[in-house]
Amino acid sequence: MILDGFTITGGNTPSFGGGIEIGNVSPTIANCIITGNAANFGGGGFFLTNSSAEIANCMIVDNYSPSRGAGLFLFSSSSPFITNCTILDNTAANKGGALYLYIDSDPIITNSIFVNNNSQAIYEYDTSSDAWLINNIFFSNPDGDYRDYGLGILPGAAAINALPEAADNLDGDPQFVGAFNADYHLQPTSPAIDSGIYTNAPAIDHDGILRPQGSGIDIGAYEFFDNTTEIAQAAHHNFDQYDADQNGTLSLAEWLNTGYTTTHFDFYDTNNDNQLTLEELLEAAGLTPHSLSTVHVDFSAATPGDGTI
């Protein structure tokens with residue numbers, strides 16, 4: 001079972017699992033936004049029982065429980081694979097703002113961002129559960145990043161990395177483009193860029209952008225991409241090949257014939273007129289056309305950003 005590309009919001013239950021409740025199955029949940037859900041007993045966003053679900057490229061944001069596990073509650077033998085997720089602003093009044101582990105639950109969490117989850121980002125109920133934490137970023141989780149049953153609150157990445165089941169986690173502001181307006185793309189100076197691990201990383205990000213764009217996988221749901229690199233990929237065929245009516249612009253329908261997406265089209269359409277011009281594409285690629293009427297552009301032969309065609 002695959003759940004891909006959905007937003008789940010406004011769920012509210014007096015028991016468990018305000019957004020998604022999963023029991024005795026292990027679906028793939030990808031490219032979803034789980035936000036604004038609540039559960040009285042726990043699991044505002046997710047409640048899992050006996051499940052090894054795969055959760056990738058998801059944003060788990062602003063979920064609530066007056067009990068435990070506002071983002072995710074893993075109950076009894078639940079060991080999901082959580083990869084390239086952005087988990088922030090979840091609040092559990094009791095324990096485990098982002099994640100609560102209960103009895104024989106051993107999630108494998110990689111390439112994910114934990115920001116401002118309260119109380120604690122991750123809470124371990126007893127010795128039967130351990131979170132495997134590899135290449136994640138922790139920042140500004142008010143009551144601690146990880147509560148280990150034996151060691152208590154671990155306040156940062158260095159303490160977490162000392163655990164035998166953890167490695168290469170980082171502290172630091174992930175530098176979202178606009179956290180206040182829910183834009184969780186990365187700024188160019190983000191420590192999340194190229195800091196992830198390839199193992200189990202999805203081939204594309206939440207926007208459909210190929211991973212990696214740089215020298216390594218980025219941490220979080222969004223891969224930072226340099227416009228010049230993306231344009232070189234998106235326009236490897238000549239502009240005029242897809243300009244079916246030869247009017248000097250690409251409509252959305254013509255653009256989709258290239259195999260690339262509406263997301264790319266909207267990004268490059270800088271004047272929002274629903275037409276892509278050669279100038280817009282070249283500007284994004286760091287290139288300069290000599291003349292729209294005479295220049296024949298083959299992006300496959302150009303080095304992005306070097307001014308050559």
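Here are some questions and answers about the strands and the nonpolar core of this predicted model.

Residues are numbered from 1 along each chain as its sequence is written. Local features need pLDDT of at least 70, side-chain atom pairs count only at pLDDT 80 or more, while totals for chains, interfaces and linings use all residues, and side-chain values use heavy atoms, with hydrogens and water left out.

Q: Which strands stand at the edges of the open sheet of seven strands?
A: Strands here are DSSP runs (E, at least two residues), numbered from the N terminus, and two of them pair if DSSP finds at least two bridges between them. The sheet has the order β2-β6-β10-β14-β18-β21-β25, with parallel pairing.

Q: Which elements give two or more residues to the largest nonpolar core?
A: A nonpolar core is a set of buried (under 20% relative accessible area, 1.4 Å probe, protein chains only) Ala, Val, Leu, Ile, Met, Phe, Trp, Tyr and Cys residues joined through side-chain atoms within 4.5 Å. This one has 32 residues, and Leu 99 is among those that touch the most other members. The elements asked for are β4 (20-23), β8 (46-49), β12 (72-75) and β16 (99-102).

Q: In β12, what is the bridge partner of Thr 49?
A: β8 and β12 run parallel, paired over four bridges. In β12, Thr 49 has as its bridge partner Phe 75.

Terms used:
Buried means under 20% relative accessible area, exposed over 50%, partly exposed in between (1.4 Å probe, protein chains only).
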